[in-house]
Amino acid sequence: MRKYVVLFSIVIATSVLAYLTTYLEAIGLIGLDTRYLAKLFLTFAYNPLARELTAISPEAVTSIVWDFRGIDTFYETAVFYMAIIAALAIYRGIGYPSIQSEKGLSIIVRVVTKLLIPINIAIAVSIAAHGHLTPGGGFQAGAALAVISVLLAVVFSASSFTKVGISLSKAIALRTAGLLAIAAVVFIPVVFSAFTGVQAYLMQNQVKVDSAFAFPAYIQDQLISGTLIWFNLAEFLAVSFGFFVIFMLLSLREDVVKEQLGEDHGH
Amino acid sequence: MSMDITLVLLALFSAVGLVFTYLAVVERDLVKAVIFSAIQSTAYVAILYLLRAPDIVLVYLPVAVGLYPAAILFLIGKTEKVEEK
């Protein structure tokens, strides 16, 4: 009886939502009309004729994420950074052993994974480096590269991290370097302003009405969209190695952790 | 015409997502539940693509199909495989 009530309520809820979104146009006509706000973003994402308003990137999402609402994204990155600090705090004092068990999955899975990993790296790098031109960006690329950490831990066992030359401290250093690079790009306009006296703002990308400062939008006719490519590459580093840290810690074997903590520590 | 096909595909993938969400909730074997959840995520990836959000597809696919199930599987490995009544 209860099952039917649940099913009935799901059907009713779905129908109401479908009716609201399609016939009543509660969220606008899907796919047929472009709303005013969207039109604004599409007009100014890439617009060389309005240099004071544009983010000079044909990728509207990256323009919004790293220019129009850039400080939001900076704090999102900071939240992710803090979350990993929490994980590191739980595992504090535990060294990453160079050799754990050597067991992995079968030879078939290993060979296929070995072939897939270079493809994965290539895709991740291209998502990051083309983030200002095509769908993608730093976080997307970081998540794509982080899948490798899972593959290494599950398919080749946790000791493979040491074999490919990634240690816990190296991963932490790389992700910190990513965050520092983002901070550097944020502060470059302010430092420039302090030295030259030209008006410039925090996290500024292109020229503004009262500021002549701008990051180069092109390198030899190749569009790099000012700050956007640097933010994407730095975020790629921060996110991918952040995930690496998490999965390196999660793949630690329980007995190894207990051995290092000693018996009297409840963990 | 192409709009109609999009709506039909949206309905189809939504139904697949709904079914696998239900299965993931009622399944007592947690490993199977994670797999059902990953299939549901795959259906959602298709929905997001049809709704013209390729940026979200790129982040949702590795997180929901790769990283999230992996994290949950690590946790299951450290606790118990079957949910008790």
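This is a predicted model: local features need pLDDT of at least 70, side-chain atom pairs count only at pLDDT 80 or more; totals for chains, interfaces and linings use all residues.

## Two residues in their surroundings

A13(A) is found in helix α1 of chain A, which covers residues 2-22. A13(A) and A78(A) are separated by 65 residues in sequence, and their C-alpha atoms lie 37 Å apart in space.

In chain B, V16(B) belongs to helix α1. V16(B) has 17 C-beta neighbours inside 10 Å and therefore counts as partly exposed, since that class lies between the limit of 12 or fewer for exposed residues and that of 20 or more for buried ones. Between V16(B) and Q40(B) there is a sequence separation of 24 residues, while the distance from C-alpha to C-alpha is 6.9 Å.

## Architecture of chain A

Chain A contains 10 helices and 2 strands, and read from the N terminus its elements follow the order α-α-α-α-α-α-α-α-β-β-α-α. The radius of gyration of chain A is 24 Å, well over the 18 Å that the globule rule gives for 267 residues, so chain A is more spread out than a compact globule. Taken along the principal axes, the C-alpha atoms of chain A fill a box of roughly 70 × 65 × 40 Å.

Of the 267 residues in chain A, 31% are buried. When the contacts of chain A with a separation of 6 or more are considered, 64% of them are accounted for by residues 24 or more positions apart.

## Helix α3 of chain A and its partners

Helix α3 of chain A (residues 60-68) and helix α9 of chain A (residues 227-250) have axes that come within 10 Å of each other and cross at roughly 85 degrees. That angle makes α3(A) roughly perpendicular to α9(A), because values from 65 to 115 degrees fall in that category. On the side of α3(A) the contact involves T62(A), W66(A) and D67(A), which meet T227(A), L228(A), F231(A) and N232(A) of α9(A). Sorted by class, the contact of α3(A) with α9(A) comprises 3 nonpolar, 3 polar and 1 charged residues.

The buried residues in α3(A) are T62(A), S63(A), V65(A), W66(A) and D67(A). The elements against which the buried residues of α3(A) pack are α2 (36-45), α4 (70-90) and α9 of chain A.

Chain B has 3 helices and 0 strands, so that the order of its elements from the N terminus is simply α-α-α. The C-alpha trace of chain B spans about 50 × 25 × 10 Å along its principal axes. Buried residues account for 21% of the 85 residues in chain B, and among contacts between residues at least 6 apart in sequence, 56% in chain B join residues at least 24 apart.

Helix α2 of chain B (residues 30-50) and helix α3 of chain B (residues 54-78) pack with their axes 9 Å apart and at an angle of about 175 degrees. The two helices, α2(B) and α3(B), are therefore roughly antiparallel to each other. Among the residues that α2(B) gives to the contact are L30(B), V34(B), A38(B), V45(B) and L48(B), and those from α3(B) include I56(B), Y60(B), L61(B), V65(B), I72(B) and I76(B). By class, the contact of α2(B) with α3(B) has 19 nonpolar and 3 polar residues, with no charged residues.

## Contact between the chains

Where chains A and B touch, 19 residues of chain A are in contact with 14 residues of chain B. On the side of chain A, the elements that give two or more residues are α6 (138-155) and α9 of chain A, and the largest share, 8 residues, comes from α6(A). The residues on this side of chain A divide into 13 nonpolar, 5 polar and 1 charged.

## Confidence

The model scores ipTM 0.85 and pTM 0.85. Chain B has a mean pLDDT of 88, and 95% of its residues reach 70 or more. Within chain B, confidence is lowest in helix α1 (residues 2-26), at a mean of 86, and highest in helix α2, at 94.

Note on methods: Residues are numbered from 1 along each chain as its sequence is written. Chains are lettered from A and ligands numbered from 1 in the order in which they are written. pLDDT is the predictor's confidence in each residue, from 0 to 100. Helices (H or I, at least four residues) and strands (E, at least two) are DSSP runs, numbered from the N terminus. Axes are lines fitted to C-alpha atoms, for helices over the stretch in contact, and angles run from 0 to 180 degrees between N-to-C directions. Angles under 35 degrees count as roughly parallel, over 145 as roughly antiparallel, 65 to 115 as roughly perpendicular and the rest as oblique. Two residues are in contact if their C-beta atoms, placed from the backbone, lie within 7 Å. Ala, Val, Leu, Ile, Met, Phe, Trp, Tyr, Cys and Pro count as nonpolar, Asp, Glu, Lys and Arg as charged, and the others, Gly among them, as polar. The radius of gyration is taken over C-alpha atoms; the globule rule is 2.2 Å times the number of residues to the power 0.38.
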